[in-house]
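Work through the exercises below with the sequence and the 3D structure at hand. Try each task before reading its solution.

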Amino acid sequence: MTTETTKKFNIDTVENAAKTPDTELPWAELGLKRNEFDEIVKVLGRRPTGAELAMYSVMWSEHCSYKSSKNHLRQFGEKVTDEMKKDMLVGIGENAGVTNLGDGWAVTFKIESHNSPSFVEPYQGAATGIGGIVRDIISMGARPVAVMDPLRFGAIDHPDTARVMHGAVAGIGGYGNSLGLPNIGGEMVFDSVYQGNPLVNALAVGVMRHEDIRLANASGKGNKVVLFGARTGGDGIGGASVLASESFDDTKPSKRPAVQVGDPFAEKVLIECCLELFKGSLVEGIQDLGAAGISCATSELASNGDGGMNVELTSVLLRDPTLTPGEILMSESQERMMAVVTPENVEAFEAVMDKWAVEYAWLGEVTDSGRLIITWEGEVIVDVDPRTVAHDGPVYDRPFARPEWQDTVQADKFTGSVQDAGRPSAPAELAAAVTELVASPNMCDKSWITNQYDRYVGGNTAMAFPDDAGVVRVDEESGLGVALATDANGRYTYLDPYHGAQLALAEAYRNVATSGAVPMAVSDCLNFGSPEDPDVMWQLAEAIRGLSDACMVLGIPVTGGNVSLYNQTGTTPIHPSPVVAVLGKLDDVARRTPSGWREDGAAIYLLGTTAAELDGSEWSNLRGHLGGLPPKVDLEAERALGEILINASRDGMVDSAHDLSEGGLAAALVESSLRYGVGARIALQDVLDRDGVDLFTALFSETQGRAVVSVPRSEEVRFKDMCTARGFEHLRIGVVDAASGQLEINGVDTLSLDALREAHEATLPKYFG
Amino acid sequence: MTELPLIGEAVAVAAEPRLAGAKIGVVTFPGTLDDRDASRAVRLAGGTPVELWHGDSDLGDVDAVILPGGFSYGDYLRAGAIARFAPLMSKIIDAANSDAKLPVLGICNGFQLLTESHLLPGSMIKNDHLKFICRDQVLRVENNSTYWTGDYAAGQEITVPLKNQDGQYIADEKTLDALEAEGRVVFRYVGFNPNGSRRDIAGISNAAGNVVGLMPHPEHAVEVGFGPESLDGIGGSDTEGLGLFTSVLNKIVGGDK
């Protein structure tokens, strides 16, 4: 296969660069700062060529280099105990971390953002977000088995929200459904802080046998470098450096270059084709092409391997023959992979490509020169130490300080505020409040979204939205499987970034444990505003410190993730939104615990105690208040609760479990009833007496470390004994009533499940059709 | 109180050993998604699945063929329009039309492929609401005398997942009338028409009854713990799709059940 190069460009060669040191280069337009450009000149000992400048500019962008967060992210690698290391097969730094599942199985998962593109072009932005994260998973040698999507959009009634909602959901569905990956969960939050900066995060999980783990490195002098998959086009050029590094602002010329366009069919074929390559052990190293395209793939593969690589750029297959070398190096065309293949395997590799009708081009080979040398028709246009491109980018110690306004915000408690006037207390008022809560944008039924995603494909989905965690079987023989949950609470994190980030982790951990799975690993997507704003930088630093501290207590490591900065419009940043994904393991997915009760007469227990914690809650959100301090974090209690839920699942002591988080007990009771349309009778007097709270607080407080479970009568004694032995507070609060079709709560007017369902399900169709 | 089975606990739907000799080919096209699922369904029903590749030039010794769901060639041109020209398709078309009446089941994209190959009449267009839809769907078995529905009772209602973008079945009135008159409407949507299909048609057969196509996915309702009841719990059981696969196996093996 050859590419016709009919047009001869005015090529800026290394030789030319050495001779013309004073040539003006558009480093500022490419997003580089003066000091960064000077550093490139210093590293090279001359001015960079145009192609080199393109490479450095994308690789040294915030998006690729983590230059503002690197100094803080280090904590994820440093605060690691032996307990956290025991199941980690590949740590942070690779495309995605790998965790040991036992029985020779390994699992890899990662969450990433595709925020800015999804605002500019919601369909393609969200679609290619799925595509990118799935390729990360393939790059590790794994078969992708499921995806999840945490979404955060602007106010539900803002006219632009529907544009983003329709586009992003259709894009996730259109791409993900075509890959044959079940979508097993996610989140949907509406808040005006995300109006101009919607958050579209995507998670993918894949599984493999231990021997199939692949790393992104190019080793073995003489091995061939091949680019395969889609052709390289003009889409997404500069996307990595420009789009993700500058915030949207009406006053400056809009920097919105072409968003990448996805081709899910090409990706599906690429997945199968890669898996066949892995099966035949035909590749030595493999890397997906995402942000920064060929610049990233060549420099990372080379610097992670023996350190050298020669590449002839005119061999790249193009969609658009007019692309310049710099554009080819920066293009973010989707559905491409780069691999390193031994000369002996070339023929077998080509046979696999031909079988799947995937195009490929041999670009060059691995060398031991320690240099990445890229030529254009034989003329050298890039000659760099690949480490300087891939790993030695600038690192900034951005100034940060606790914002002056933080104290004022924290002093503004919900209780007693103007918005708290007329707090519901009479039975009819409380019933109306419960209904209002479960119909609210953030608490309403999300099936308008999830019904556009395939949750069945693959035949291994054991649980999906709206259960607390998604569960996928890995091994059909043993039933071994994984559970996944993602959580974040921007409001909590705004009130207190350190604890807010911990609360996100605690909730995801709790959700996984609620399903019966043992939490094992963490991936995080840190969505924040501009790091050049010391207030935002403080939020980021605090959130990372909080997360890394909490991981130590919970004993689970961060194995990967990503940072998305500059999510702000003008000077107004989004709420700091660290989205945390936790992965857990189930020895047999048959033991999983769903979130709804079904068995008539089962006893309903509330685990954990309730304090008056309404600040930052969904109730306060409904009343338009944001202030005070988020609920207290007690990670030891979370761990103890998790162990109870996991044991109860393993020993068949519970037939449903639902964690208490946003919306508190009120939301959990309604959701557990609506899950299978089975009612319950609830009396909370013992809770009120023990915890010293009123009925409203018992229902709407968001105290952490709690769950509601239903326990078959035959298991009640055993279950209570287990909680007592572990010293964990538990109270029987009611009984499942399969015949009533109602949720009866003493002191609250009876709620019919039909009416609750109608309110719960009407909200999204009302706004989005 | 009897002890409830664990969710997902293998309930003994003991596959009959005599069915294991029946080989059912499952064809993979570029972009096929539910091929492994169809193979699993065949296995759980007691038969032996055989992987077939669209580029293969012969069908080997399979006793029946399943064209599984997915987005062959991305459905970019028209669902099934390109896959229909695969080398193996001409063999399948000939075998289905021959005296041997090779049993063929087309699920979702496979159904679209069957109409594109003119093994079945009519066509599929985009859902009337223009969105992808994934839901548990109640179907009525209108004809239990086809090769693929013999194990169901006539009029039996089953719940199986449905998931598609282009699932609206259309045909001219004359064709629809003929299908109805000849009993070739095999499955009909009950309670809710998820895509605007004419006359609530979910699946049809050819005149001989060996070729059946349907939009919903019976292969996703074959295993306890992974079907509509476990995932959504709003009726039906997890295994009401299994009957299509046992039906054809029994037909192939013959004799008393």
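**Exercise 1: annotated residues in chain B**

UniProt, in an unreviewed entry, lists Cys108(B), His217(B) and Glu219(B) under "active site". Although these residues are spread over 112 residues of sequence, they cluster in space, with a largest C-alpha distance of 10.8 Å. UniProt positions are given in the numbering used here, feature names are shortened, and annotations may be inferred rather than shown by experiment. The model is predicted: local features need pLDDT of at least 70, side-chain atom pairs count only at pLDDT 80 or more, and totals for chains, interfaces and linings use all residues. Residues are numbered from 1 along each chain as its sequence is written, and chains are lettered from A and ligands numbered from 1 in the order in which they are written.

Task: find where His217(B) lies and state whether His217(B) is buried or exposed.

Solution. 
- Step 1. His217(B) is in the loop between E11 and helix H5 (228-231) of chain B. Helices (H or I, at least four residues) and strands (E, at least two) are DSSP runs, numbered from the N terminus.
- Step 2. A residue is buried if 20 or more other C-beta atoms lie within 10 Å of its own, exposed if 12 or fewer, and partly exposed in between; C-beta atoms are placed from the backbone.
- Step 3. His217(B) counts as buried because 28 C-beta neighbours lie inside 10 Å.
- Step 4. Residues are in contact if their C-beta atoms, placed from the backbone, lie within 7 Å. Not counting residues up to four places away in sequence, His217(B) touches residues including Tyr456(A), Cys108(B) and Asp34(B).

Task: repeat the burial test for Glu219(B).

Solution. 
- Step 1. Glu219(B) also lies in the loop between E11 and H5 of chain B.
- Step 2. Glu219(B) has 33 C-beta neighbours inside 10 Å and therefore counts as buried.
- Step 3. Leaving aside neighbours within four places in sequence, the contacts of Glu219(B) include Asp34(B), Asp37(B) and Gly241(B).

**Exercise 2: a covered helix**

Solution. 
- Step 1. After H3(B) comes His118(B), with a positive phi near 65°.

**Exercise 3: the contact between the chains**

Task: how many residues does each chain give to the contact?

Solution. 
- Step 1. Chain B gives 31 residues and chain A gives 32 residues.
- Step 2. On the side of chain B that touches chain A, helix H1 (35-45), strand E6 (133-141) and strand E7 (157-164) each supply at least two residues.

**Exercise 4: confidence**

Task: which residues of chain B have pLDDT under 50?

Solution. 
- Step 1. pLDDT is the predictor's confidence in each residue, from 0 to 100. Chain B averages 92, and 92% of the residues score at least 70.
- Step 2. Residues 1-12 of chain B stay under 50.
- Step 3. Where pLDDT is low, the predicted coordinates should not be read in detail.
- Step 4. The model scores ipTM 0.93 and pTM 0.94.

Notes:
Two residues are in contact if their C-beta atoms, placed from the backbone, lie within 7 Å.
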